[in-house]
Amino acid sequence: MPGPISSSALSPDQLDALAAELTQAATRLRQKNNSNGTKKENLGTASIVANAGIAALRSLMTPKDRFLDLMLIPAAMGVLRVFLHWGALERIPRDCVTPISYAKLAEQLGAEVGLLRRLAWTLVAAGFLKQVGTDQVVNTPNSVVLIDNPTLKGVLDVVSHQVSAAMVFPKYFERYGRIEPTQQRGSPWTFSRGQPDKTIWEIMQEDPDEVEGFAKSMRVSSRFYPMPGPYDFSWIVDHPIEDKSRPLLVDVGGSDGEVLLSILRNTPSLPPERCVLQDLPHVLAMTRQEEEIKALKKVPIDFFKEEPVKGEFSGILTDVKPRLTLSPGALVYHIRRTLHDYADADALNILRLIAKAMAPDSRLLIVELIMTNPPTPFAAAVDLFMCITAGKERTIEMFERLTADAGLRITRVVPGKTSEMGVLECMKV
Ligand SMILES: C[S@@+](CC[C@H](N)C(=O)[O-])C[C@H]1O[C@@H](n2cnc3c(N)ncnc32)[C@H](O)[C@@H]1O
């Protein structure tokens, strides 16, 4: 039987090209390391190296190996959730050197040793744990990173729900047709739960534990992306505005205020009392308790209805020069990680309502993952997860179409430094 290398689909020339790509990535990393770049910037380059390496390794695998590799992913995901739930990784020494026997670990967890070993084998196969001899195991950097990391645990919780919904795709598309899911009722997620006539929120509300678990995992997973992100808000403070009561920054769908808090803390002199936190009434009732958040204006909204913070110039033409007066409205509207929850028609409605409220000098900042075409593996996975709840991630071209239809033009694109989460600055056409 041919080995994996001999049956690789790669020719020697292609292997040379891959090796050259890796060398180039290593050179870039070395240059960054020698320069004064921040650790975060270097992380970006490190991921280029990792992606080049992963691409090279995948190309070396036979189609059969690749298929078998794929089968391991959902299994490892399930076992990781069990291990995190049991606190199993914490009981293995963190130094990635000192082993613990399966028997001792099983005893500490109150689990049957036979079961524990089988579960652990999945993580050994997936590279999260390393087996020593036949009956001992050690942590690896891949497992240690998960210990005490609520963000990654939260991401895993959210993703595991999406993965189980993805498994019923064939039946879903048979029932709803081979088209993009656009409705919150009858999304693959609600279909997979056997309640297609309800929304995800209506289904979850039947089980308070699920509501709590989901809210918690959404909160922590939102930290997966850097806050406040790559956009420099300091210009707002210096911007000349005569009307001292004019709101400077409105966060539409701002949840519990965590993002605004981070913007405020990174933008000295931006007064919290001139910033507005908007969300559904029940969400605003649970905002955080930091002083800056207490000082914010809180305005309950439904972003499918009229935006209440409106700004409009009314002009008086005189013989000398036009005199403009400005009614209080926001200088900047900000909507982060929210449009991706919706298909185009709903996202367009939200944008149109914000655009209608904007003054000619207002900016709208759309903060979302900006996909490349084709997307990176991470973005492709996230987009598919969004598809499961009838939302979508978008490329810059998709955002250009959407904003143009809403009467907006993109004036600046600020790409993420350490993630694909970028900022689109828009003004009214
Ligand atoms: C995915 S979260 C994003 C939260 C926050 N912007 C962030 O970046 O972490 C979407 C937010 O939209 C809010 N939301 C959902 N439907 C809404 C509606 N109809 N009107 C106003 N806010 C809504 C949710 O409560 C939630 O806080």
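The legends below describe close-up views of a predicted model. Residues are numbered from 1 along each chain as its sequence is written. Because the model is predicted, local features need pLDDT of at least 70 and side-chain atom pairs count only at pLDDT 80 or more, while totals for chains, interfaces and linings use all residues.

**View 1**
Strand 4 covers residues 249-252, where strands (E, at least two residues) and helices (H or I, at least four) are DSSP runs numbered from the N terminus. L249 and D251 point one way and V250 and V252 the other, and all are buried, a residue being buried if 20 or more other C-beta atoms, placed from the backbone, lie within 10 Å of its own. In a regular strand the side chains alternate between the two faces of the sheet.

**View 2. The partners of strand 4.**
Strand 4 runs parallel to strand 5 (residues 275-279), and four bridges join them; strands pair if DSSP finds at least two bridges between them. The bridge partner of D251 in strand 5 is L277. Strand 4 is also joined by four bridges to strand 9 (residues 332-336), again in parallel, and there L249 stands opposite V332.

**View 3. The surroundings of L260.**
Leaving aside neighbours within four places in sequence, L260 is in contact with D251, G254, C275, L277 and L296, contact meaning C-beta atoms, placed from the backbone, within 7 Å.

How values were computed. Contact = placed C-beta atoms within 7 Å. Buried ≥ 20, exposed ≤ 12 C-beta atoms within 10 Å, placed from the backbone.
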